[in-house]
Amino acid sequence: MRVFSRAIIILFCVLAVAPIGWHFFSSLKSPSELTRIPPTLLPQDPTLDNYRELFTRRPFGGYYANSFVIAALSSLLCVGAASLAAYGLCRARASFRRIITSSLLIVAFFPPIVLLFPLYELVRAAGLVNHPWGLILPYSALNLPLSIWLLTSYFGQIPYELEEAAAMDGLSRLQTLVKIVLPLSAPALATTGMLAFIFAWNEFMFALTFMNLESAKTITVGVATLSGAFTYEIPWGLLAAGVIASSLPLILLVIVFQRRIVAGLTAGASK
Amino acid sequence: MLSREPIRKPQALNLEALFYWPAAMLLGLVVAYPILRTTVLSFTQMSLHTAFQPEFTGAQNYLRLAFDSRFHNSLTITAAFTIISVALEFALGLCLALTVGTFIRGRGIIRSFLLAPWTLPTAIIAVLWAWIFNDQYGVLNVLLLKMSVIHTPIAWLAEPGSAMASIIIADVWKTTPFVFLVLLAGIQSVPRDLYEAIEMDGGGAWAKFRYVTWPFLLPFVFISLTFRIIQSFAIFDLVYVMTGGGPGGATETVSVYSYQTYMRYLDIGYGSAQVVAVVIILAVTAYVLYQLLLKRYARLF
């Protein structure tokens with residue numbers, strides 16, 4: 001039985017990473033090796049040319065920078081707004097808290113395409129088309145429901161006596177939040193911020209619609225439109241390198257923080 | 001004479017309300033207003049013909065939906081995609097969660113491996129799988145040819161049936177880990193002594209699953225099932241990048257059709273009616289699921 005279950009798990013793990021592995025190996029192949037029929041599995045003469053071309057002849061550095069700025073700022077903004085709201089909710093009446101958290105759940109369930117056109121109108125009216133803030137604001141808002149949800153349940157576990165003590169020492173509510181509650185919640189804040197970062201990095205539809213200049217594109221849209229869906233010749237090597245380069249930050253996050261990410265995900269589902 | 005000012009208490013600034021402002025403003029601007037605006041626009045014509053000024057047309061867009069075979073087609077495709085891929089994810093996720101059960105050793109590595117597909121951007125996953133399914137250079141054909149399962153390369157994304165299957169495989173690859181992790185958390189929340197009680201009553205593995213694991217798992221199943229159904233029904237990235245809705249509209253899901261209606265045909269009023277109709281369908285589905293799964297669960301106790 002143990003052997004059997006171990007075999008199943010190993011099979012699933014292999015299935016989960018094999019496609020990524022194949023792209024990693026492909027990204028190290030030369031153009032001539034890539035178009036060989038039948039394809040080779042391992043690169044026979046590994047080269048970094050594909051990555052070099054991405055960052056020198058294509059605006060990949062720019063995509064990268066855009067994605068980092070947008071994902072980092074939106075995740076910061078989201079965690080900031082969410083911790084204020086979650087702290088308020090935590091100390092609010094239970095009936096009020098229940099109404100707010102269930103309406104947040106409904107908000108989280110709305111398909112993003114419902115928001116697409118009016119948001120586009122707003123972004124255009126604000127002159128934010130092709131501007132990072134045109135995505136930062138929507139992303140931070142879209143991440144709020146899950147973030148408030150996670151932080152409310154975490155703040156609720158902090159003993160109230162600590163806050164009473166802070167109040168006796170003359171700290172205001174805001175000071176209590178900043179000096180007592182937030183430092184104690186560092187792990188939850190990190191988890192929430194990370195999930196918000198991953199979401200923002202991965203978002204496609206809004207990024208595709210709101211950013212149409214090469215200089216403003218995010219990396220997800222950059223790689224997806226690099227794909228030769230619309231052109232005749234498909235740049236396989238660049239595609240493979242693009243897939244790996246755009247996924248690398250996320251894969252690193254997963255390896256380092258997998259326990260936190262899982263905790264955050266499952267808490268969101270079970271609370 | 002002393003003219004006394006009325007004694008005014010320094011007005012305590014209502015900090016509690018202030019705490020909600022940043023989140024409320026963001027959600028109002030990015031979520032609430034667009035939902036209202038889309039609903040309003042769904043009752044208007046707003047297109048090139050009207051110089052993009054909304055003109056009230058009553059329920060005309062909804063009438064058009066009732067006779068739009070492309071819309072019906074996209075609904076059928078989306079429903080088929082949702083049912084098949086969610087069923088597969090749950091079957092695989094549940095099997096995996098039950099097998100892993102209380103696995104302790106190497107859990108960190110297992111989790112990193114299984115989480116990897118879930119964290120990658122869906123649009124990138126589409127690029128990744130489109131290449132795997134490519135007829136000339138795709139690794140799938142190479143493997144199948146080597147194993148002599150097939151004898152000529154198959155153009156997976158060029159045939160309606162296999163294109164849909166390819167998208168489903170990519171989606172199942174991405175989301176099974178999520179379902180697995182949520183269900184695993186559910187299984188781990190079951191108190192161990194309940195299993196012992198069943199054992200003492202002479203119950204086997206099936207009794208344990210039916211009377212202990214399953215009731216505890218139901219709320220987790222409900223949440224992840226609802227979440228997954230709504231997400232699959234709104235699927236856009238994967239289809240848009242992998243097949244663009246093709247071949248010949250065979251994989252065009254509702255979100256892809258609505259996106260085209262908005263951004264390509266610039267028929268804003270009609271696109272709005274489409275997405276509102278989809279939201280109504282989803283709300284009804286979520287309600288039915290709630291009745292089926294959670295109401296029964298509540299009766300068990």
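**View 1. Helix α3(B) crosses helix α7(B) in a right-handed way.** Keep in mind that this is a predicted model. Two packed helices are described by the angle between their axes and the distance between the axes. Here, α3 (residues 69-100) and α7 (residues 160-188) of chain B pack at an angle of about 40°, and their axes are 7 Å apart. Check out the residues where α3(B) meets α7(B): 19 are nonpolar, four are polar and two are charged.

**View 2. Chain B meets chain A.** On the chain B side, 69 residues are in contact with 71 residues of chain A. Which helix of chain B brings the largest share of the side that touches chain A? That's helix α1 of chain B (residues 15-41), with 16 residues. Sort the chain B side by class and you get 52 nonpolar residues, 13 polar ones and four charged ones.

**View 3. Domain 1 of chain A touches domain 2 of chain A.** On the domain 1 side, α1 (2-27) and α2 (31-34) of chain A each supply at least two residues, and α1(A) gives the most, with four. By class, that side of domain 1 of chain A has three nonpolar, three polar and one charged.

Conventions:
Residues are numbered from 1 along each chain as its sequence is written. Chains are lettered from A and ligands numbered from 1 in the order in which they are written. This is a predicted model: local features need pLDDT of at least 70, side-chain atom pairs count only at pLDDT 80 or more; totals for chains, interfaces and linings use all residues. Two residues are in contact if their C-beta atoms, placed from the backbone, lie within 7 Å. Ala, Val, Leu, Ile, Met, Phe, Trp, Tyr, Cys and Pro count as nonpolar, Asp, Glu, Lys and Arg as charged, and the others, Gly among them, as polar. Axes are lines fitted to C-alpha atoms, for helices over the stretch in contact, and angles run from 0 to 180 degrees between N-to-C directions. A crossing is left-handed if the near helix is turned anticlockwise from the far one by less than a right angle, and right-handed if clockwise.
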